[in-house]
Amino acid sequence: MGSFFGVMFYASSVKGSIYIVAAINSLAGLLGPIVSGVLYRYCNRRRLPLCLVCATVSVCLLIGSVYTLVTKPEHDWVLIICAYIAMVLMISMFNMIYVYIPEIFPSHVRSQGLG
């Protein structure tokens, strides 16, 4: 959860128009539920897509940070792209967690939890 807010804070400090950055942040928020819906639509299991998305977020953030630290580029396009991909996938991961967690518990526990 902390890395999600870190990516959000970095995305807001990107050089350029604040309106374009806000629009891209909002688009990243809209793509997350679409990604999680498509993944759960075509995958019969619940845990595998969740683990794959978590691993992909980790790899994407690692690639962006290592590239930026090693090459010290003039423009941070690689880091921006990796950060936005990670943000979309983290939003989809949060949606997938809300679907997966109730399935862990038995039915009588789930019925008590919902009222």
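Visitor: Where does the model come from, and how many helices and strands does the protein have?

Guide: It's a predicted model. The protein has five helices and zero strands, so the pattern along the sequence reads α-α-α-α-α.

Visitor: What share of the residues is buried?

Guide: Buried residues account for 27% of the 115 in the protein. The exposed surface comes to about 8000 Å², with carbon and sulfur atoms supplying 72% of it.

Visitor: And the contacts, what fraction of them join residues at least 24 apart?

Guide: If you take contacts between residues at least 6 apart in sequence, 76% join residues at least 24 apart.

Visitor: Let's switch to α3. How does its span fit with its 25 residues?

Guide: It agrees with expectation: at 1.5 Å a residue, residues 47-71 should span 36 Å, and the end C-alpha atoms of α3 are 36 Å apart.

Visitor: Which residues of α3 are buried?

Guide: P49, L50, V53, V57, C60 and G64 are buried there.

Visitor: What comes after α3?

Guide: K72 follows α3, and the phi of K72 is positive, near 50°.

Visitor: Okay, charges now. How many salt bridges turn up in the whole structure?

Guide: One, from a search of the whole structure. R46 pairs with E103, and their closest N and O atoms are 3.4 Å apart. The two sit 57 residues apart, so to speak at distant parts of the chain: R46 is in the loop between α2 (18-42) and α3, while E103 belongs to helix α4 (residues 77-104).

Visitor: Is R46 buried, partly exposed or exposed, and what about E103?

Guide: R46 is partly exposed, because its relative accessible area of 27% lies between the 20% and 50% cut-offs. E103 counts as partly exposed too, at 41%.

Visitor: Last topic: which residues form the nonpolar patch on the surface?

Guide: I97, I101, I104, F105 and V109 form it, with about 400 Å² of accessible area together. Helix α4 gives the largest share of the patch, three residues.

Visitor: Where does I101 sit, and how accessible is I101?

Guide: I101 is in helix α4. Its relative accessibility is 39%, so I101 counts as partly exposed.

How values were computed:
Residues are numbered from 1 along each chain as its sequence is written. This is a predicted model: local features need pLDDT of at least 70, side-chain atom pairs count only at pLDDT 80 or more; totals for chains, interfaces and linings use all residues. Side-chain values use heavy atoms; hydrogens and water are left out. Helices (H or I, at least four residues) and strands (E, at least two) are DSSP runs, numbered from the N terminus. Buried means under 20% relative accessible area, exposed over 50%, partly exposed in between (1.4 Å probe, protein chains only). Contact means heavy atoms within 4.5 Å. Accessible areas come from the Shrake-Rupley method with a 1.4 Å probe; for residues, only the protein chains shown count as cover. The expected span of a helix is 1.5 Å times one less than its number of residues. A salt bridge is a side-chain nitrogen of Lys or Arg within 4 Å of a carboxyl oxygen of Asp or Glu. Patches are made of residues with over 30% relative accessible area and no salt bridge: like charges are joined within 9 Å, nonpolar side chains (Val, Leu, Ile, Met, Phe, Trp, Tyr) within 5 Å.
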